[in-house]
Amino acid sequence: MNLYDIKKDSKISVLMIYGSPRRGGNTGKLMDRFEKGLLSNKNINQNGLFIEKIFIKDIKFSSCIECRHCSIDGECAIKDEMQKIYIKLINCDFLAISSPVFFTCVSGYLKSFIDRCQRFWALKYELGKRIIEKERKGVFISTAGSDSNTIFNCPRKAIRALFDVLYIKYDKDFTYSKVDLKGDILKRQDALDEVFEYAMNLIIG
Ligand SMILES: Cc1cc2nc3c(=O)[nH]c(=O)nc-3n(C[C@H](O)[C@H](O)[C@H](O)COP(=O)(O)O)c2cc1C
């Protein structure tokens, strides 16, 4: 399929990208709360809402090999499952992305995923081609085991850079420290409520 010739249907499409390798972990639970909030959102016509979840761990894809093919035509030379994901990233109306903090940044899975978005960087900054016209927003959800005020600085920066090349406004992030063991986040009712309420009141489009 030609990526520049994508048809959009009338549904509101929310793409949820789970960046943790631990299924049902802390960030996963927050993402599930986000989904529940969306499903209770009265600003959104529920019949026209299309939510798609992607677990990065399940995608078969290679890391960026730095061949710089995308600098020539904006396409990625690696023909793996990321090709389908590119289309979803282009077409979504809202993006929710999550990651645990791993060694002060996002998970390795998510970092490889972001690196594969170099083609969007090349399109925007090297080739001057805007293939994404619509205005959209996104959020970042993260947890970290340590108790540090600065632990989310690096992950935020990486997600902001991703949103920038996708023409996504970084609307908000939800970051919680001192959340480590699987299920720890369930003890943080404030966090669960905050994410739910944001999604329940969200206006998309
Ligand atoms: C490989 C690895 C690296 C980690 N690095 C950090 C770190 O640098 N700082 C921190 O505060 N927590 C770190 N953690 C803890 C996780 O961020 C924390 O457990 C998080 O809540 C996990 O979220 P999840 O259940 O969604 O995967 C690390 C955990 C793992 C497994």
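In the predicted model, K137 stands opposite K169 in strand 5, and R136 is placed opposite I168 of that strand. These pairs belong to the parallel arrangement of strand 4 (residues 136-143) and strand 5 (residues 168-176), which are joined by eight bridges. Strands are taken to pair if DSSP finds at least two bridges between them. Helices (H or I, at least four residues) and strands (E, at least two) are DSSP runs, numbered from the N terminus. From strand 4 the chain passes through helix 6 (residues 153-165) to reach strand 5, in a right-handed β-α-β crossover. A crossover is called right-handed if, with the strands pointing away from the viewer, the path from the first strand over the helix to the second runs clockwise. Residues are numbered from 1 along each chain as its sequence is written. As this is a predicted model, local features need pLDDT of at least 70 and side-chain atom pairs count only at pLDDT 80 or more, whereas totals for chains, interfaces and linings use all residues.

Strand 4 is also joined to strand 3 (94-100), with seven bridges and a parallel course. In this pairing, P100 has T143 of strand 4 as its bridge partner. Seven of the eight residues of strand 4 are buried, which leaves the strand mostly covered. A residue is counted as buried if 20 or more other C-beta atoms lie within 10 Å of its own, as exposed if 12 or fewer do, and as partly exposed in between, with C-beta atoms placed from the backbone.

The chain as a whole contains seven helices and five strands. Their order along the sequence is β-α-β-α-α-β-α-α-β-α-β-α. The radius of gyration is 17 Å, close to the 17 Å that the globule rule gives for 205 residues, so the chain is as compact as a globular protein of that length. This radius is taken over C-alpha atoms, and the globule rule is 2.2 Å times the number of residues to the power 0.38. The C-alpha trace spans about 50 × 40 × 25 Å along its principal axes. Buried residues make up 34% of the 205 residues. Of the contacts with a separation of 6 or more, 81% are between residues 24 or more positions apart. A contact requires that the C-beta atoms of two residues, placed from the backbone, lie within 7 Å.

With residues up to four places away in sequence left out, M31 touches M16, Y18, A96, S98 and I141. M31 and S142 are 111 residues apart along the chain, yet their C-alpha atoms are separated by 9.6 Å. In helix 5 (residues 118-126), the buried residues are R119, F120, W121, A122 and L123. Helix 2 and helix 6 are among the elements that cover these residues. Just after helix 5, G128 adopts a positive phi of about 60 degrees.

The shell around the ligand comprises 19 residues, of which G25, T27, P100, G145 and S146 come nearest. A residue is near the molecule if its C-beta atom, placed from the backbone, lies within 6 Å of it. Helix 1 (residues 26-39) supplies the largest share of this shell, with three residues. By class, the shell divides into seven nonpolar, nine polar and three charged residues. Ala, Val, Leu, Ile, Met, Phe, Trp, Tyr, Cys and Pro are classed as nonpolar, Asp, Glu, Lys and Arg as charged, and the others, Gly among them, as polar.

Positive phi values also occur at residues other than glycine. R68, in the loop between strand 2 (49-55) and helix 2 (70-73), has a positive phi of about 65 degrees. R68 counts as exposed because it has 12 C-beta neighbours inside 10 Å. C67 is found in the loop between strand 2 and helix 2 as well, and is exposed, with 11 other C-beta atoms within 10 Å. T104 has a positive phi near 70 degrees and lies in the loop between strand 3 and helix 4 (108-115). With 14 other C-beta atoms within 10 Å, T104 is partly exposed.
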